[in-house]
Amino acid sequence: MNKDAEPPAIELRSVTKTFVLESGERVVAVRDTSLTVARGEFVCVVGPSGHGKSTLLNLMAGFIKPTSGEILVNGKPVEGPGPDRGVVFQQDTLFLWRRVADNISFGLEARRVPKEERKATVERYLKTVGLEDFGGAWPRQLSGGMRRRVAIAAVFANEPDVFLMDEPFVGLDYLRRAQLHKVLLDLWEEGGHRAVFMITHDVDEALVLGDRILVVKEGRIVEDVEVALPRPRSTYMITGEEASIIRRDVVLHFGELDIA
Ligand SMILES: Nc1ncnc2c1ncn2[C@@H]1O[C@H](COP(=O)(O)OP(=O)(O)OP(=O)(O)O)[C@@H](O)[C@H]1O
Ligand SMILES: [Mg+2]
């Protein structure tokens, strides 16, 4: 098939999500939002707390349904969660009754990957996130950052076409974060077709990773900034005039807090 004729990885058409609270109060978390993430594109999302970023991602994940509008992944309407999307949620979502290795292996089992291959993949990704000695541990025996790494390994192990990641690297030390940036970028570049939609509060992280940075405020995408920095990039390279200009452009759209 002609690549240009292929549908985008993610498409939102006039999506609104309204939550109705027990009190009857209505909260419009996402307002009439349209968005296209192309195949092979890495999109980072920033914005103030409580303004609809996670809601957007949860809609794409099929975890919640829109109040109105349409969501398509690879041209197909999202009906619910699916193996085409690898999701790291903002909250910890490990299976507490499965050991670390079995958490990582879960998606592979669901896809009926043969046992030997599963074992090798789980070992490879345990090593990638620095938890090779913890395959037999229970999630409750791990620190918050270690649990985060298991969740990341579980998504990476499935090598999905679409990555949906909600602040995946929160709580990790600087070096581990830089290393996982590299792993993610390698996975993303491999094959050249994988799309990433990643929420972060760290604008510099968005500069290292993203092709585009979206600023979400009050349930809308208020800014869409291209990150025209050359690749390959690394955590140490996000300095200089160009990066400063993009950083300032993004941060200015957060508004509210006066940090000038
Ligand atoms: N399940 C829910 N029920 C009711 N209200 C909700 C629900 N989920 C989110 N909201 C509300 O929707 C709005 C957007 O929340 P959301 O979690 O998308 O914000 P966010 O931008 O991800 O914030 P943060 O940066 O703090 O994670 C908030 O006002 C929140 O209270
Ligand atoms: Mg959130």
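Thr55 counts as buried, at 12% relative accessibility. The cut-off for this class is under 20% relative accessible area, so Thr55 falls within it. The model described here is predicted. Thr55 belongs to helix H1.

The magnesium ion (ligand 2) is coordinated by Ser54 through OG and by Gln90 through OE1. The distances are 2.0 to 2.2 Å. This pair links distant parts of the chain, 36 residues apart. Ser54 sits in helix H1, residues 53-61. Gln90 sits in the loop between strand S6 (85-88) and helix H2 (100-110). Gln90 is partly exposed, as its relative accessible area is 38%.

Strand S6 leads on to the sheet. Six strands make up an open sheet, in the order S6-S7-S8-S3-S9-S10. The pairing is mixed. S6 and strand S10 (220-226) are the edge strands, and each pairs on one side only. From one strand to the next, the twist averages 15 degrees. Helix H4 packs on this sheet, where it touches S6 and strand S7 (162-166). The direction of H4 makes about 175 degrees with that of S6.

Strand S9 illustrates both kinds of pairing. Strands of a sheet pair through backbone hydrogen bonds, in either a parallel or an antiparallel sense. Strand S3 (residues 42-46) and strand S9 (residues 212-217) pair in the parallel sense, over four bridges. Within this pairing, Cys44 has Ile213 of S9 as its bridge partner. With S10, S9 pairs in the antiparallel sense, over six bridges. Here Lys217 stands opposite Arg220 in S10. S9 and S10 form a hairpin, with two residues between them. Glu218, in the turn, has a positive phi of about 50 degrees.

How enclosed is S9 by the rest of the structure? Six of its six residues are buried, so S9 is largely enclosed. Arg212, Leu214 and Val216 point one way from the strand. Ile213, Val215 and Lys217 point the other way.

Helix H3 spans residues 115-128 and has 14 residues. From its first C-alpha to its last, H3 reaches 20 Å. This is close to the 20 Å expected at 1.5 Å a residue. Buried residues in H3 are Thr121, Val122, Tyr125, Leu126 and Thr128. Seen down the axis of H3, the buried residues fall within an arc of 155 degrees, so they line one face of the helix. These buried residues pack against H2, helix H4 (144-158) and helix H5 (174-189). The face turned away from the buried side of H3 carries the exposed residues Glu116 and Lys127. After H3 comes Gly130, whose phi is positive, near 75 degrees.

Definitions and conventions:
Residues are numbered from 1 along each chain as its sequence is written. Chains are lettered from A and ligands numbered from 1 in the order in which they are written. This is a predicted model: local features need pLDDT of at least 70, side-chain atom pairs count only at pLDDT 80 or more; totals for chains, interfaces and linings use all residues. Side-chain values use heavy atoms; hydrogens and water are left out. Donors are N, O and S atoms within 2.8 Å of the metal (3.2 Å for Na, K and Ca); water is not among the atoms, so sites may look incomplete. Buried means under 20% relative accessible area, exposed over 50%, partly exposed in between (1.4 Å probe, protein chains only). The expected span of a helix is 1.5 Å times one less than its number of residues. The arc is that of the directions from the helix axis to the C-beta atoms. Contact means heavy atoms within 4.5 Å. Two strands pair if DSSP finds at least two bridges between them. Axes are lines fitted to C-alpha atoms, for helices over the stretch in contact, and angles run from 0 to 180 degrees between N-to-C directions.
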